[in-house]
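Have the viewer open and follow along point by point.

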Amino acid sequence: MLLRLEDIQTYYGKSHILHGVSLEVQAGEVVGLLGRNGVGKSTTMKTVAGIVRPAAGRVLFEGKDVAGLPPYKLAHMGIAWVPEDRRVFRLLTVLENLRTGLERPGVTDQRKGALLDKVYAYFPVLAERRAQAAGTLSGGEQQMLATPRAMMLEPKIILLDEPTEGLMPRMVSQIKDIVHRLGADGVAILLVEQNVPLTLDATTRCYIMEKGTVQHHAPSAELRANHAVIRQYLGV
């Protein structure tokens, strides 16, 4: 098992946010995390990424408990996080943003070039704007930049938090294609997304959260056919 959360309890101050969250993601698997706003999905992501330290429970990555490790160590181990609020380096160019994931030991110039070429093939607009300051991109383009920046790390798993937020329909379709391609390349993905049809189409399994707990878990194909469960937990 690549990633396993066991009975995670997470607080913000005195506010108890996650109440015993457990889930797992296998190597190369694309798993969805669904739920209404405010149920703890992003906090779950931040707990895995090391942004938030759990008060109890275990975060197992390749069998090792990594709960509480700093984000940079988790990134070196193969966990990449794409936050919902973009967080691009606004004063750096698109290329410079991408290169932040390339300047690490053991990555040859040839490999750096190959990774950049791969991203530009997936996202042609980034190739066109590689010399443009990231802060001058549209909101949707900044959101788009955040995903390939994580790809530069060649991670074992990408935590994608609301990747289509603010994107035009054409770009949403691109994100779905990228999720499929990453899965085909053997990269595991834990996907938080408000676009329920996209999530069910892009994933193999989904967890549904409510009030800080996992309330339902099923194959995505089963959820697509069970509209009652979707209405019950998501209201759509």
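This is a predicted model: local features need pLDDT of at least 70, side-chain atom pairs count only at pLDDT 80 or more; totals for chains, interfaces and linings use all residues.

1. Leaving aside residues up to four places away in sequence, Glu141 touches Val125, Arg129 and Met171. With Arg129 there is also a polar contact between the two side chains, at 2.8 Å.

2. Is Glu141 buried or exposed? Glu141 counts as buried because its relative accessibility is 9%, and the cut-off for buried is under 20%. You will find this residue in helix 6, which spans residues 139-151.

3. Now follow helix 6 itself. Helix 6 lies across strand 6 and strand 7, and runs at about 175° to strand 6. Another helix to look at is helix 1 (residues 41-49), which lies across strand 3, strand 6, strand 7 (157-161), strand 8 and strand 9 (205-210). The angle between helix 1 and strand 7 is about 150°.

4. Next, please look at the sheet under these helices' names. Six strands make up an open sheet with mixed pairing, in the order 6-7-8-3-9-10. At its edges are strand 6 (79-82) and strand 10 (213-219), each of which pairs on one side only. On average, neighbouring strands here are turned by 15° against each other, direction ignored.

5. Val31 stands opposite Leu190 of strand 8.

6. Which strands does strand 1 join? Strand 1 (residues 3-12) runs antiparallel to strand 2 (residues 15-25), with eight bridges between them. Strand 1 is also antiparallel to strand 4 (residues 56-61), this time with five bridges. Ile8 has Val21 as its bridge partner in strand 2, while Gln9 has Ala56 in strand 4.

7. The turn between strand 1 and strand 2 deserves a visit too. These strands form a hairpin with two residues between them, and Gly13 in the turn has a positive phi of about 65°.

8. Finally, the nonpolar cores. The largest has 38 residues, and among those with the most contacts inside it are Leu98, Val119, Phe123 and Met151. Helix 7 (residues 169-184) gives the most to this core, with six residues. Val119 touches Leu98, Leu126, Pro148, Met151 and Met152, not counting residues up to four places away in sequence. A second, separate core has 27 residues, including Ile8, Met45, Ala49 and Val59.

Key: Residues are numbered from 1 along each chain as its sequence is written. Side-chain values use heavy atoms; hydrogens and water are left out. A nonpolar core is a set of buried Ala, Val, Leu, Ile, Met, Phe, Trp, Tyr and Cys residues joined through side-chain atoms within 4.5 Å. Buried means under 20% relative accessible area, exposed over 50%, partly exposed in between (1.4 Å probe, protein chains only). Helices (H or I, at least four residues) and strands (E, at least two) are DSSP runs, numbered from the N terminus. Contact means heavy atoms within 4.5 Å. A polar contact is a pair of N or O atoms within 3.5 Å; within protein, one must be able to donate a hydrogen and the other to accept it, and residues adjacent in sequence count only if both atoms are side-chain atoms. Two strands pair if DSSP finds at least two bridges between them. Axes are lines fitted to C-alpha atoms, for helices over the stretch in contact, and angles run from 0 to 180 degrees between N-to-C directions.
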